[in-house]
Amino acid sequence: MKTRRVILGLLLVALGARTVFTQAGPAVLPSQFEFAGSWAPIGTEDVQNDSVPVDYLGLALTEDARTRALSYDESQKSMVERQCQGWGAAYAVLGPFGLRISSRSDPAPNRVVSYSIDAWEDWNEMTIWMDDRPRPSVNALHTQAGFTLGRWEGGALAARTTHIKAGFIRKTGVPLSDQATIDWRFFRHGDVLTVLMVARDPVYLVEPEIISKGFRLSKVPLDFRDPCVPGFEGREPGDGVPHFAPDENPFLDEFMKLYNLPREAVLGYRDTLYPEYRKKIKDTYVPPPPCSADCGVAGNFVRRRGPTP
Amino acid sequence: MPYSERATVSEHFDIAPLPDGGELLLVTTIVDDPVYLNAPYVVSPHFKKEPDGSKWDPTPCSSRW
């Protein structure tokens, strides 16, 4: 009788523990961290590099990429059919928004099946699958967010995204093809989440584009905006797609002239990526004269471009 | 932009392998300053590892009129 009571007691304790554990979600192992939550953008880092139309500094582009980028006109985003086109997976770090992350669990083995980075106004939800499912066929559907598999590795969450639609690696029209692969690393240090993105593209990038950016844990859930709704912005449906002939882009030399920068640096040639390039041009580079009037925060940019019409 | 004597700086060093070989060093720096900052100042630059130290060639600082 006593033995039965002990067994019954142990069973009740086990069931109780099971219930509590399920309610609390999967345990976070020592080599992992709590990834879910609202992570606010930090304004002290600007990695967008989209202040001027032709600024490809820090990119190593193929000739095809350079040509396509120079043919891009940002007025394309005014077309009704393109206003809600949205941006690809890389926009997680290129965009201005925070990351609202949730997890989905399988209660039976009590483990996380996936994490989701919620959608933003012009960005689709991105799912990071944590269940080792096979990657789809190369011929499977490509989406803006792509297909992402993740795993815990050395205290970081590592993930790889494939199957993205052709899009952009810089908002000013620098393209990223549907053959691109994006590798992610998420590190957490207290209330700071550091995200590392490495984008490789056999079509448009000679070397990977690498971006690191921090986010801060928000005490309140991030307030995400309503879904994108297209409206009339001056271009009728069926109008032509705004573009430039690449060698006639009116902004081609704007950034070069502002800072007296060499053409190859502004247009994303591989050699300009590394510190050796500074040594190469240090004897020939002439900085622009200091701003003397109407400098504002943008200095020479405001002075030379003049007031907005 | 100033920082006060009450500021604290926390640095976190992470290593990340590059998909095609090589490594990146990611340095997340968090500056808290109750005197001059309302929120932490955070930057997270990355560095690509060189195969050796042959490019390390610092020169002493010099001043001139």
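Predicted model: local features only at pLDDT ≥ 70, side-chain atom pairs only at ≥ 80, totals over all residues.
Local features need pLDDT of at least 70 and side-chain atom pairs pLDDT 80 or more, while totals for chains, interfaces and linings use all residues. Residues are numbered from 1 along each chain as its sequence is written, and chains are lettered from A in the order in which they are written.

**View 1. The largest nonpolar core has 62 residues.** Such a core is a set of buried Ala, Val, Leu, Ile, Met, Phe, Trp, Tyr and Cys residues joined through C-beta atoms within 7 Å; buried means that 20 or more other C-beta atoms lie within 10 Å of a residue's own, with C-beta atoms placed from the backbone. A:Ala90, A:Met197 and A:Ala199 have the most contacts inside this core. Strand β10 of chain A (residues 192-200) gives the most to the core, 7 residues; strands are DSSP runs (E, at least two residues), numbered from the N terminus. Beyond its neighbours within four places in sequence, A:Met197 is in contact with A:Ala90, A:Val93, A:Ile182, A:Trp184 and A:Ile211, contact meaning C-beta atoms within 7 Å.

View 2

**View 3. Chain B touches chain A.** Look for 15 residues of chain B in contact with 18 residues of chain A. In chain B, β1 (8-17), β2 (23-32) and β3 (41-43) each supply at least two residues of the touching side, and β2(B) gives the most, with 4 residues.

Methods
Buried ≥ 20, exposed ≤ 12 C-beta atoms within 10 Å, placed from the backbone.
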